[in-house]
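Work through the exercises below with the model open. Try each task before reading its solution.

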Amino acid sequence: MTRPRKWKNVCCLPPVREFGPLDPASADAGVVRMDVEEYETIRLIDHLGMTQEECAERMGVARTTVQSIYSEARRKVARSLVEGLPLIIDGGRYRLCEHGEVCRKHRACRRLQGAPR
Ligand SMILES: [Zn+2]
């Protein structure tokens, strides 16, 4: 029996969930599907500049878990770019955060930015 995957804390859903080549000739080559929690690791680590440790604390999982989610996310971004495939962000096993202490500490929420602390 496989161990059930733990729910990952995610701050917000991506504002855009579908990306793709502008050239219609490249359609039908397939798509790359990314989980919302994979997107969240890219957002926290690459976009906000967090360490994997901070990202793990933020998402409520072990650093080794973040490491594997993040490497899968990067593999998918690379595949989309290199092979010219549409990227769709959807699904996964996550819950939206309630902007508690950990979230505030890392200022990870787009919705919290600019809000009084
Ligand atoms: Zn949050």
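This is a predicted model: local features need pLDDT of at least 70, side-chain atom pairs count only at pLDDT 80 or more; totals for chains, interfaces and linings use all residues.

Residues are numbered from 1 along each chain as its sequence is written.

**Exercise 1.** State how many helices and strands the protein has, and their order.

Solution. Helices (H or I, at least four residues) and strands (E, at least two) are DSSP runs, numbered from the N terminus. Count them: four helices and five strands. Now read along the sequence: β-β-β-α-α-α-β-β-α.

**Exercise 2.** Find the buried residues of helix H1 and what covers them.

Solution. A residue is buried if 20 or more other C-beta atoms, placed from the backbone, lie within 10 Å of its own. In H1 (residues 36-47), Glu37, Glu38, Tyr39, Glu40, Thr41, Ile42 and Leu44 are buried. Their cover includes strands S1 (8-10), S3 (32-34), S4 (87-89) and S5 (94-96), plus helices H2 (52-59) and H3 (63-83). Just after H1, Gly49 has a positive phi of about 75 degrees.

**Exercise 3.** Describe the largest nonpolar core, then trace the contacts of Ala73.

Solution. A nonpolar core is a set of buried Ala, Val, Leu, Ile, Met, Phe, Trp, Tyr and Cys residues joined through C-beta atoms within 7 Å. The largest has 18 residues; Tyr39, Cys55, Val66 and Ala73 have the most contacts inside it. H1, H2 and H3 each give two or more residues to this core. H3 gives the most, with four.

Contact means C-beta atoms, placed from the backbone, within 7 Å. Setting aside neighbours within four places in sequence, Ala73 touches Met34, Glu38, Tyr39, Thr41 and Ile42 by that criterion.

Conventions:
A residue is buried if 20 or more other C-beta atoms lie within 10 Å of its own, exposed if 12 or fewer, and partly exposed in between; C-beta atoms are placed from the backbone. Two residues are in contact if their C-beta atoms, placed from the backbone, lie within 7 Å.
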